[in-house]
Amino acid sequence: MLIMKTGYYLIFLLMGFGEILYSQKLMQNWLTFYEQSGYTKTPNYEQTMEFCKRLEIVSPFIKVKSFGKSPEGRDLYLVIASKDKAFDAQRAHQKDKAILLVQNGIHAGEIDGKDACLKLLRDIVVTKEKESLLDHVILLVIPIYNVDGHERISKYNRINQNGPEEMGWRVTSQNLNLNRDYIKADAPETHAWLKMFNEWLPDFFIDAHVTDGADYQHNVTFGLEKHENLAEPVRSWVNQKYLPMISNLTTNGVPVAPYISLRNHEDPMKGLQSGVAPPRLSTPYVALQNRPALLIETHMMKDYKTRVEGTYQTIVSTLEFLNSEYKTLQQTVTETDRISMNRIGQKFPLRFETVDAPNGIFHYLGFKQTNQKSDISGGVWTTYTKEPFEADIPVYDSVKVSKFIDVPYAYLIPRQWQEVIKRLSLHGIKIRELSKPIELDVEMYKFYNSKWQQNPYESRHSVSYTTEKISAKKMFPAGTAVVQLNQRTSGVALFALEPESPDAFVSWGFFDAIFEQKEYSEDYVMEPIAREMLEKDQNLKQEFETKLNTDTTFAKSPSVRLNFFYQHSPWWDQNVNLYPVARLINPVQLPLKD
Ligand SMILES: [Zn+2]
């Protein structure tokens, strides 16, 4: 009996031992490049994709798909993890699951998210430790978004950042920052991304980065779209459900923090501030598409392992949360999409500002700092001591809308503005065409005081201006593009087409030619006409004289003085400084092509 018992124990022991050996061997075969390096290095593009393709070979739940090409010819990959093998958007949406998209390496030097995701995918489908995370979620991972930047490898790409040993570069091979390109969509990578995004329409989005900024103890910080730039009811879902979870999270044993933007770098006690960024950035863009969007920013001074593990823990916690809240999330985004189809005639927020009053307290885990005068810079030299301190500091996190716009029934865009029409459709905006000419009462914008930025920003010289709204009766020919606002993506259309939006296509320079005067009068032709006009029109005479007395630039320039009369003559081109995109306010039965 005793012998038999011992024998059983032995068998059990051997079986257990065998399992341990098996799982050890499994782990050894499946260590990621980052783990093999002792948590100090990150794999290059080829090594990264080799690992993803190995996952695809061994697991029926993984598919690796290209969603486009970079300017240097590399494939942009999406890794799809689905227990139902729902490897295309259509099938995925038929499943009763939330779709989470995790994007890594938009700033390729900030690559923690990629190594966290490779490890996570392994833990889900190989060791199966985290297999249950796919129970109610379909996981989409972009291992590296800025693939060309990722291959511009150097030790010297991120002066503020503590590892990995070598890393990629912030921007693309065309020197464009993809995280400023979401609305204007100049980069081929953005074109591919927008097509992929609108096809998959994930229910939740994560963008993984590494910070710059002050030194402190927190290793993970986060930005969450939660203000009026995210429509209801998904805004309430984010604030009431997700925000408490992420706010109470700890990573590597340290509480996560909201993105730390100090009001005063010399004195953290003055508090934190946040605001709403324009949708040229990833998370505000995704918010415009009615989806919750989380920005993970690990702290640059922490070692690579701490940062990758912190990112891993944040993504895992989000996945756990989504596995329990997938139903409420799906219902909420569907409802938000429905509501955003009914914005016509309502007020829509285009600009935001942070209120200059604290609305909360944050328990900040900082490092003591000294501030002294620098003889090198002449300014303040801050030194962090690495001596920890903690304090409750004020948070300035209340945001108000500084500019609302009345949502029209439709925008009418003359067909010749093809690039504008093409970019709008990249955003998933449905555009139709007039099948017959039609005369319509519309609102239009006139531009004044236009001024171009001297230095390029993201390859463009933005223009600033003031606007005046005018009413017009106008004939629109067949072929005119029509953007009706009773659609899911109405928010993106409003941000792209309203001149006062911070990301208006017109301010990015898509319509620069409309600001140019193309015909000029000869002085000797204008002189007698000007005289005649002065004689006939007392008001004009008065306006001219006032300008002479009050505007010295005007008074000093003979050509500008004569051009004043040209501008008031019937020869003047009425289309100069006139925005060609018209706002149709009242719903009208439009003749539209199918
Ligand atoms: Zn970044």
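**Figure 1. The whole chain, seen through its contacts.** Among contacts in the chain between residues at least 6 apart in sequence, 77% join residues at least 24 apart. Keep that in mind as you look around this predicted model. The chain contains 17 helices and 21 strands. Its C-alpha trace spans about 125 × 70 × 45 Å along the principal axes. Of the 594 residues in the chain, 39% are buried.

Figure 2. Start at the loop between helix H1 (2–29) and helix H2 (33–36), where you will find Trp 30. Is this residue buried, exposed or partly exposed? Trp 30 has 19 other C-beta atoms within 10 Å, so it is partly exposed; a buried residue needs 20 or more. Now look for Lys 119, which is 89 residues from Trp 30 along the chain, while the two C-alpha atoms are separated by 9.0 Å. Setting aside neighbours within four places in sequence, Trp 30 is in contact with Arg 122 and Val 126.

**Figure 3. Helix H5, from end to end.** Helix H5 covers residues 112–125, which makes 14 residues. From its first C-alpha to its last, H5 reaches 20 Å, close to the 20 Å expected at 1.5 Å a residue. An α-helix has 3.6 residues a turn, so residues three or four places apart point the same way. How many of the residues of H5 are buried? The count is 13 of 14, and H5 is mostly covered.

**Figure 4. Helices H8 and H10 side by side.** Two packed helices are described by the angle between their axes and the distance between the axes. Here the pair is H8 (residues 234–247) and H10 (residues 304–340), whose axes come within 10 Å and cross at roughly 170°. Angles over 145 degrees count as roughly antiparallel, and H8 and H10 are therefore roughly antiparallel to each other. On the H8 side, the contact is made by Val 234, Trp 237, Lys 241, Tyr 242 and Met 245. H10 contributes Ser 317, Phe 321, Glu 325, Thr 328, Leu 329, Thr 332, Val 333 and Thr 336. Sorted by class, the contact of H8 with H10 has 7 nonpolar, 4 polar and 2 charged residues.

Figure 5. Why is strand E11 (residues 293–298) described as largely enclosed by the rest of the structure? The reason is that 6 of its 6 residues are buried. In a regular strand the side chains alternate between the two faces of the sheet. In E11 both faces are covered: one side holds Ala 293, Leu 295 and Glu 297, the other holds Leu 294, Ile 296 and Thr 298, and all are buried. Strand E5 (residues 204–210) pairs with E11 in the parallel sense over 6 bridges. To find one of these bridges, look for Val 210, whose partner in E11 is Thr 298. Strand E6 (residues 220–224) also pairs with E11, in the antiparallel sense over 5 bridges. There, Leu 224 stands opposite Leu 294 in E11.

**Figure 6. Two cis peptide bonds, each in a loop.** A cis peptide bond joins Gly 163 to Pro 164, with omega about 0°. Pro 164 sits in the loop between helix H6 (147–150) and helix H7 (188–200). The bond between Glu 232 and Pro 233 is also cis, with omega about 5°. To locate Pro 233, look at the loop between E6 and H8.

**Figure 7. Two asparagines with positive phi.** Asn 290 has phi near 70°, a positive value in a residue other than glycine. Asn 290 lies in the loop between helix H9 (282–288) and E11. With 26 C-beta neighbours inside 10 Å, Asn 290 counts as buried. Now find Asn 449, in strand E18 (residues 438–452). Phi of Asn 449 is positive too, at about 55°, although this residue is not a glycine. Is Asn 449 buried or exposed? It has 9 other C-beta atoms within 10 Å, so Asn 449 is exposed.

Figure 8. You can check them off one at a time: Ser 490, Gly 491, Val 492, Ala 493, Leu 494, Phe 495, Ala 496 and Leu 497.

Notes: Residues numbered from 1 in each chain as written. Predicted model: local features only at pLDDT ≥ 70, side-chain atom pairs only at ≥ 80, totals over all residues. Buried ≥ 20, exposed ≤ 12 C-beta atoms within 10 Å, placed from the backbone. Helix = DSSP H or I, 4+ residues; strand = E, 2+ residues; numbered from the N terminus. Axes fitted to C-alpha atoms, helices over the stretch in contact; angles between N-to-C directions. Parallel < 35°, antiparallel > 145°, perpendicular 65-115°, else oblique. Contact = placed C-beta atoms within 7 Å. Nonpolar A, V, L, I, M, F, W, Y, C, P; charged D, E, K, R; others polar. Pairing = 2+ DSSP bridges. Expected span 1.5 Å × (residues − 1).
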